[in-house]
Amino acid sequence: MGVIKMSLFKKDKKLSTDSIDNGVGLITVTQPTSTIAEQFRTVRTNIQFSSIDKEMKVIMATSSGPSAGKSTVITNLAVTYANQGLKVLLIDADMRRPTAHQTFGLSNETGLTNCLTEKDIDIAKAVEETPIENLYVMPAGPTPPNPSELLNTKRMDAILMAVAEQMDMVIIDTPPLISVTDAQIVATKVDGTILVVREGVAKKGAVLKAKELLDTVHARIIGTILNDVSGSDESGYYGGYYGYYK
Ligand SMILES: Nc1ncnc2c1ncn2[C@@H]1O[C@H](COP(=O)(O)OP(=O)(O)O)[C@@H](O)[C@H]1O
Ligand SMILES: [Mg+2]
């Protein structure tokens, strides 16, 4: 789908723990007719057309470093798919800095961690409904000491296979690529990966390194979303634009 530029909203670019404490902003819910919501629909369409030979049913987002807007982008994309009428499961596989439960006001008591560590657990126990029709969330669950080891298991494959059977789309939030291997591991288990790059935050070298790390595991990169692009429409809080490059 090439590169999609979007400027979600204007705010300080400093790294913050805001989304961990309060969840991410859901502009696709609060402002469904905004330019940004429209951009997410464009991303959805582009993903649909990015692959004719392989179904894009299980997809993930990652970035080079933290606070790129991965969770913001992937969550709004999940809402966009759900609004289309698809049954969507958002899995929070960023067990180090989870946000999905906060975003939707859910409990984080039972989540992906439990599915990976408790042998006889019913996966449905870790799936919660959200206030948004068709959108379900599997929160990260309690932070384990060894997320990458847990993700790098046949058990993870089995979980993804089981949920993919029940859902129309499975959308996964992961940690950044540089510093931990979690995202690289998950990338080997999904149909496609979206790389989120935050303008003014991500350094070019880091983005190239991120791409290299994905290539190393033969990840299928569906496209790059350039988040928080400056120089866009300043007229409104949510002013934004996207460009579309091959
Ligand atoms: N386009 C944007 N404009 C302004 N703030 C943003 C933008 N995208 C994300 N943020 C903010 O940056 C912080 C990190 O975003 P988040 O989605 O949690 O990133 P990540 O999951 O990559 O760590 C959050 O406080 C979020 O609200
Ligand atoms: Mg995040």
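Thr216 is exposed, because its relative accessible area is 53%, and exposed residues are those over 50%. This residue lies in helix H10, and although Thr216 and Gln184 are 32 residues apart along the chain, their C-alpha atoms are separated by 8.6 Å. The model is a predicted one, and every value given here is computed from that predicted model.

**Exposed loop residues with positive phi**

- His218 is found in the loop that runs between helix H10 (204-216) and strand E8 (221-227), and its relative accessible area of 72% places it among the exposed residues.
- The phi angle of His218 is near 60°, which is a positive value in a residue other than glycine.
- Ser179 has its place in another loop, the one between strand E6 (169-173) and helix H9 (182-187), and Ser179 is likewise exposed, with a relative accessible area of 72%.
- For Ser179, phi is near 100°, and this too is a positive value in a residue that is not glycine.

**A buried strand residue**

- Is Leu89 buried or exposed? Leu89 is buried, because its relative accessible area is 0%, and buried means under 20%.
- Leu89 is found in strand E3, which covers residues 88-92, and its C-alpha atom is separated by 7.7 Å from that of Ala78, a residue 11 places away along the chain.
- If residues up to four places away in sequence are not counted, Leu89 touches Val127, Tyr136, Val137, Met138, Val163, Met167, Met169, Val170 and Ile171.

**The nonpolar cores**

- The largest nonpolar core has 35 residues, and the members that touch the most other members are Ile91, Leu112, Leu116, Met138, Leu151, Val170 and Ile172.
- Helix H8 (residues 154-166) provides the largest share of this core, namely 5 residues.
- Leu116, taken by itself and without counting residues up to four places away in sequence, touches Met95, Leu150, Leu151, Thr153, Arg155, Met156 and Ile159.
- There is also a second, separate core of 32 residues, which includes Ile59, Val73, Phe104 and Ile132.

**Two packed helices**

- In general, a pair of packed helices is described by the angle between their axes together with the distance between those axes.
- Helix H3 (residues 35-50) packs with helix H4 (residues 70-83) at an angle of about 80°, and their axes are 9 Å apart.
- H3 is therefore roughly perpendicular to H4, since angles of 65 to 115 degrees count as roughly perpendicular.
- Which residues of H3 meet H4? On the H3 side they are Phe40, Arg41, Val43, Arg44, Ile47 and Gln48, and they meet Val73, Asn76, Leu77, Thr80 and Tyr81 in H4.
- Sorted by class, the contact of H3 with H4 has 6 nonpolar, 3 polar and 2 charged residues.

**The protein as a whole**

- The protein has 10 helices and 9 strands, and buried residues make up 54% of its 246 residues.
- Among the contacts between residues at least 6 apart in sequence, 81% join residues that are at least 24 apart.
- The protein exposes about 11,000 Å², and carbon and sulfur atoms supply 51% of that area.

Key
Residues are numbered from 1 along each chain as its sequence is written. Chains are lettered from A and ligands numbered from 1 in the order in which they are written. This is a predicted model: local features need pLDDT of at least 70, side-chain atom pairs count only at pLDDT 80 or more; totals for chains, interfaces and linings use all residues. Side-chain values use heavy atoms; hydrogens and water are left out. Helices (H or I, at least four residues) and strands (E, at least two) are DSSP runs, numbered from the N terminus. Buried means under 20% relative accessible area, exposed over 50%, partly exposed in between (1.4 Å probe, protein chains only). Contact means heavy atoms within 4.5 Å. Accessible areas come from the Shrake-Rupley method with a 1.4 Å probe; for residues, only the protein chains shown count as cover. A nonpolar core is a set of buried Ala, Val, Leu, Ile, Met, Phe, Trp, Tyr and Cys residues joined through side-chain atoms within 4.5 Å. Axes are lines fitted to C-alpha atoms, for helices over the stretch in contact, and angles run from 0 to 180 degrees between N-to-C directions. Angles under 35 degrees count as roughly parallel, over 145 as roughly antiparallel, 65 to 115 as roughly perpendicular and the rest as oblique. Ala, Val, Leu, Ile, Met, Phe, Trp, Tyr, Cys and Pro count as nonpolar, Asp, Glu, Lys and Arg as charged, and the others, Gly among them, as polar.
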